[in-house]
Amino acid sequence: MFTGIVQGTAKIVSMDRKTQFQTHIIEFPQGLSEGLTLGASVAHNGCCLTVTQIDGQRAAFDLMQETLAVTNLGALQVGDEVNIERAAKFGDEIGGHSMSGHISDMATLVEIIESEHNKTLWFELPTDSMKYVLTKGYIGLDGCSLTIGQVEKNRFNVHLIPETLQRTLFGRRQVGDKVNVEYDPQTQAIIDTVERVLMAKFGDK
């Protein structure tokens, strides 16, 4: 489990591409690899990956076909960076919201509005997915737990403070970039349950 509080960014220093499979090695910032063990979970842009090798500040992770196809990790190159979060431990402060590290969609950054002290980012999603996007609700974007601002048709925005812009990739994101999306699991469960109940009761009427 993750909390959506990104701890920093890590650079991809090596990549081994195979057919429908990929291994990449990241170099952790000082201190963030402390206590890391084989089999541990680390979120990369919100996607839960498993440590397969450790060499000092560097660790290797395997990415399967599904991960490469449905997340923005499949487009990464050596030298790119990812938002990282170590898995939560019992007793940790939950500063964001509960996140599983399972990516549901990718959203496209379509507009950036900058002001003196913050930045507003507008994202676009497939229309069918917007049912999970509620004003003032939670959403995970590239592993960051964020509060949804405005919602308009198949677009929504988030407001980012300087700390988030400095600590994560959002300070460098450009229009056209794809970000990984994890919907708030409680919101998703409620909406999916209501839909199933209504469908069972009324069918297609």
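In this predicted model, the C-alpha centres of domain 1 and domain 2 lie 23 Å apart. The contact between them draws 13 residues from domain 1 and 13 residues from domain 2. Along the protein chain, domain 1 covers 8–86 and domain 2 covers 105–193.

The size of an interface is often given as the accessible area lost when the parts come together. Here the area buried between domain 1 and domain 2 is about 890 Å², with carbon and sulfur atoms giving 41% of it. On the domain 1 side, Asn45, Asn72 and Asn83 lose the most area to domain 2, and together they make up 49% of what that side buries.

Arg172 forms a salt bridge with Glu81, and their closest N and O atoms are 3.4 Å apart.

| Element | Residue range |
|---|---|
| strand S1 | residues 8–18 |
| helix H1 | residues 65–70 |
| strand S6 | residues 81–86 |

Of these, S6 supplies the largest share of that side, 4 residues. Sorted by class, the side of domain 1 that touches domain 2 holds 8 polar, 3 nonpolar and 2 charged residues.

Terms used: Residues numbered from 1 in each chain as written. Predicted model: local features only at pLDDT ≥ 70, side-chain atom pairs only at ≥ 80, totals over all residues. Heavy atoms only, no water. Domains from an automatic or database assignment. Contact = heavy atoms within 4.5 Å. Buried area = accessible area lost by both parts, 1.4 Å probe. Salt bridge = Lys/Arg side-chain N within 4 Å of Asp/Glu carboxyl O. Helix = DSSP H or I, 4+ residues; strand = E, 2+ residues; numbered from the N terminus. Nonpolar A, V, L, I, M, F, W, Y, C, P; charged D, E, K, R; others polar.
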